[in-house]
Amino acid sequence: MDTDYRMVRAADAPALLDFMKRVAGDTDNLALSVAETEDMEVHDERLFITELRNTPSVFALAITDGVITGTCNIRIPVRVRTRHRGELAIVVRKEYWGTGIAQHLFEFAVSEAKERGVVKLQVDVRADNERAKAFYKRNGFVSEGVSPMLLCVDGEYVDGEHMGCIL
């Protein structure tokens, strides 16, 4: 398995759309639902990528054998007083869970974020997602509190845990 890690490009829009549609059905741990991906069009993805290019945010991809297998987005605010912290989101296709892609993708994205002045990462994760919480703890994150009603999945509210990491 040969995986490359790089920043997203505008030309990635169609493949990124396919990736998002696929991963939305893999798990209920994401804010994105399958129903929401049905209305997405390629131009929506291009606008999203263009928006990211106009901010200091990091949007990294893992590409295995020509296919997007993971993304890591670190949203960096544009305001001077808050641009030192980034909001993290990592997604890996289910068939690649446990392969190390998330770890390598995280490390690649964090390196880019540090270059942009980020010194703290934050993430909200489902409170019952022990696998994700263990990943974040291995990477230096600590619990910073509860996020009540983080997600609404099939009409049921799911609490989250807010975690942070000083880089």
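In what order do the elements of the protein chain run from the N terminus on? They run β-α-α-α-β-β-β-α-β-α-β-β. Together, the secondary structure comes to 5 helices and 7 strands; helices (H or I, at least four residues) and strands (E, at least two) are DSSP runs, numbered from the N terminus.

Please note that this is a predicted model, in which local features need pLDDT of at least 70 and side-chain atom pairs count only at pLDDT 80 or more, while totals for chains, interfaces and linings use all residues. Residues are numbered from 1 along each chain as its sequence is written, and side-chain values use heavy atoms, with hydrogens and water left out.

I begin with the chain as a whole. Of its 167 residues, 43% are buried; buried means under 20% relative accessible area, exposed over 50%, and partly exposed in between, with a 1.4 Å probe and protein chains only. The accessible surface comes to about 9,300 Å², and carbon and sulfur atoms hold 49% of that surface. Such areas come from the Shrake-Rupley method with a 1.4 Å probe; for residues, only the protein chains shown count as cover. Among contacts (heavy atoms within 4.5 Å) between residues at least 6 apart in sequence, 63% join residues at least 24 apart.

I turn next to the aromatic rings. The structure holds 4 aromatic pairs. Rings of Phe, Tyr and Trp (its six-membered ring) pair if their centres lie within 6.5 Å; planes under 30 degrees apart count as stacked, over 60 as edge-to-face and the rest as tilted. One of the pairs joins Phe106 and Phe135: the ring centres are 5.8 Å apart and the planes stand at 80 degrees, so this pair is edge-to-face. Because Phe106 lies in helix α4 (residues 101-115) and Phe135 in helix α5 (residues 130-138), the pair ties together parts that are 29 residues apart in sequence. Phe106 is buried, at 5% relative accessible area, and Phe135 also counts as buried, at 11%. Ring pairs link Phe106, Phe135, Tyr136 and Phe141 into a cluster.

Finally, I come to the backbone. Most residues other than glycine have a negative phi. Asp154 is found in the loop between β6 (142-153) and β7 (156-166), where it is exposed, with a relative accessible area of 74%.
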